[in-house]
Amino acid sequence: MNRFGKALLVAALVGVVGMAFRVSWNALRDVATATGADETAAFLYPFVVDGLMALALVATLVLTGDARRFALRVLAAYTLASLVLNYVHGLVPELHSEVVDWGRLADWDPANWALVLLATSLPVGSIYFGSDLVAKVLHHRPIETPTPTPNQDESTETIMKRSTADLEVSTPAPITPTPVPAELPAAPAAPAASVVSLVKSTDRVPVGAVAADAPRPRRVTGRVPGAARSARPNRTADELLTEARKATTKWSDRELTAEGIRRAVHTSPAKARVLRDTLRSERATKAPAPTEAAPGTSKAA
C-alpha cells in the first residue's frame with residue numbers, strides 16, 4: 001500500500017473512533033450523573049473511560065512481549081466496562097431524563113451495587129493503568145534492525161547463483177588414479193653359489209627407489225626393472241672369494257679380519273665375515289700337521 005492509501009486508512013479509523021466515542025459519550029455522561037458527579041465531572045467522565053481505551057490501543061501497537069499482553073488486558077477490561085455501562089443506559093429509561101435518583105442504576109440491589117462500584121472505580125483505574133502504560137511505553141526499547149548492506153538488495157536468485165559459482169570454484173578437481181603398469185619382465189636368475197649364497201635378492205626394492213612416471217612417491221612391488229638397477233654387475237660368491245684370496249695372499253692370520261676383507265673387496269660386512277671364515281678354514285686345511293717322535297728315540301743331551 002502506498003503512502004496515500006495508508007493515510008486514508010488511518011483517517012477513516014480516526015473518523016469511526018470519533019463517531020463511536022460520541023455515541024458512547026452520552027451514555028457514560030448520564031451514568032456519571034446518576035452516580036453523583038456534577039456537570040463538569042459528568043462531561044469529563046467519557047474521556048476517562050474511552051480515553052484510556054485509546055491509550056491502551058496505542059500501547060498495544062508499540063509494546064512487545066509481556067508489556068503488550070498487559071496493554072491488551074487493560075484494553076479488553078475497559079472495553080467490557082464501557083459496553084456494560086452503555087447497556088445499562090439503554091435498559092434504564094430514568095437515566096435519560098434530567099431527574100434521576102442518585103446511586104440508582106438498577107432495581108435489584110445487588111446489581112445496583114455492582115454497577116455503582118464499576119462506574120465509580122473506572123476513574124481510579126484509569127489513573128493507575130494509564131500511568132503504568134505510559135511508563136512502559138517510555139521505557140520501551142525497540143529491537144534494533146541491522147543496517148541493510150548492498151548485498152541485501154540483491155534477489156534470492158542472484159545470491160543462490162553466486163553461492164553455487166563459489167562452490168564450483170572452491171571444489172577441487174577429482175584426482176585421477178595413476179594407471180598401474182603391467183607386470184615387469186622377470187630378471188634372469190642369478191647362478192647358484194657353490195660355497196655360500198652371498199648374492200642379494202633382487203625381489204626387494206632399493207631404498208629410495210621411486211617410479212619415474214608417478215606424481216608422488218609410491219611403493220613399488222614386484223621385480224625392479226633393468227633400467228633402475230645399478231650399472232655395476234652383481235658378483236657371484238666364487239668371484240668374491242677369488243678376489244678375497246688375491247687380496248689376502250700376503251696377509252697373516254692376525255690381519256685376516258672381516259673389516260679388512262670388506263675394505264679390500266668392497267662388499268658388505270655380512271659377506272666379509274663369510275669370506276673371512278672361508279679363508280681361515282682354507283688356511284687351516286693347507287697347514288702341515290706336526291709330526292710325532294718315533295718310539296724308542298731319545299732326545300739329545
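Of the 301 residues in the protein chain, 21% are buried, where buried means under 20% relative accessible area, exposed over 50% and partly exposed in between, with a 1.4 Å probe and protein chains only. This is a predicted model, in which local features need pLDDT of at least 70, side-chain atom pairs count only at pLDDT 80 or more, and totals for chains, interfaces and linings use all residues. Residues are numbered from 1 along each chain as its sequence is written, and side-chain values use heavy atoms, with hydrogens and water left out.

**Whole chain**

Colour the chain by secondary structure. There are eight helices and zero strands; helices (H or I, at least four residues) and strands (E, at least two) are DSSP runs, numbered from the N terminus. The order from the N terminus is α-α-α-α-α-α-α-α. Contact means heavy atoms within 4.5 Å. Of the contacts between residues at least 6 apart in sequence, 62% join residues at least 24 apart.

**The loop between α3 and α4**

Select Asp-107, in the loop between α3 (65-91) and α4 (109-138). Asp-107 is exposed, with a relative accessible area of 75%.

**α6 against α8**

Next, select residues 237-247 for α6 and 269-286 for α8. Two packed helices are described by the angle between their axes and the distance between the axes. Here the angle is about 65 degrees and the axes are 10 Å apart. Axes are lines fitted to C-alpha atoms, for helices over the stretch in contact, and angles run from 0 to 180 degrees between N-to-C directions. The crossing of α6 and α8 is right-handed; a crossing is right-handed if the near helix is turned clockwise from the far one by less than a right angle, and left-handed if anticlockwise.

Show the side chains of Leu-240, Leu-241, Ala-244 and Arg-245 on α6, and of Lys-271, Leu-275, Thr-278, Leu-279 and Glu-282 on α8, which make the contact. By class, the contact has five nonpolar, one polar and three charged residues. Ala, Val, Leu, Ile, Met, Phe, Trp, Tyr, Cys and Pro count as nonpolar, Asp, Glu, Lys and Arg as charged, and the others, Gly among them, as polar.

**Down the axis of α8**

At 1.5 Å a residue, its 18 residues should span 26 Å, and its end C-alpha atoms are 26 Å apart, which agrees; the expected span is 1.5 Å times one less than the number of residues. Lys-271, Ala-272, Leu-275, Thr-278 and Leu-279 are buried in α8. Seen down the axis, the buried residues of α8 fall within an arc of 125 degrees, so they line one face of the helix. The arc is that of the directions from the helix axis to the C-beta atoms. These buried residues pack against α6 and α7 (258-265).

In α7, select Ala-258, Ile-261 and Val-265, which are buried. They cover an arc of only 60 degrees around the axis, which puts them on the same side of α7. The buried residues of α7 pack against α6 and α8.

Step on to His-266, in the loop between α7 and α8. Most residues other than glycine have a negative phi. Phi of His-266 is positive, near 55 degrees. His-266 is exposed, with a relative accessible area of 57%.

Finish at Thr-267, also placed in the loop between α7 and α8. Thr-267 is buried, with a relative accessible area of 13%. Not counting residues up to four places away in sequence, Thr-267 touches Arg-235, Leu-240, Arg-262 and Ala-272.
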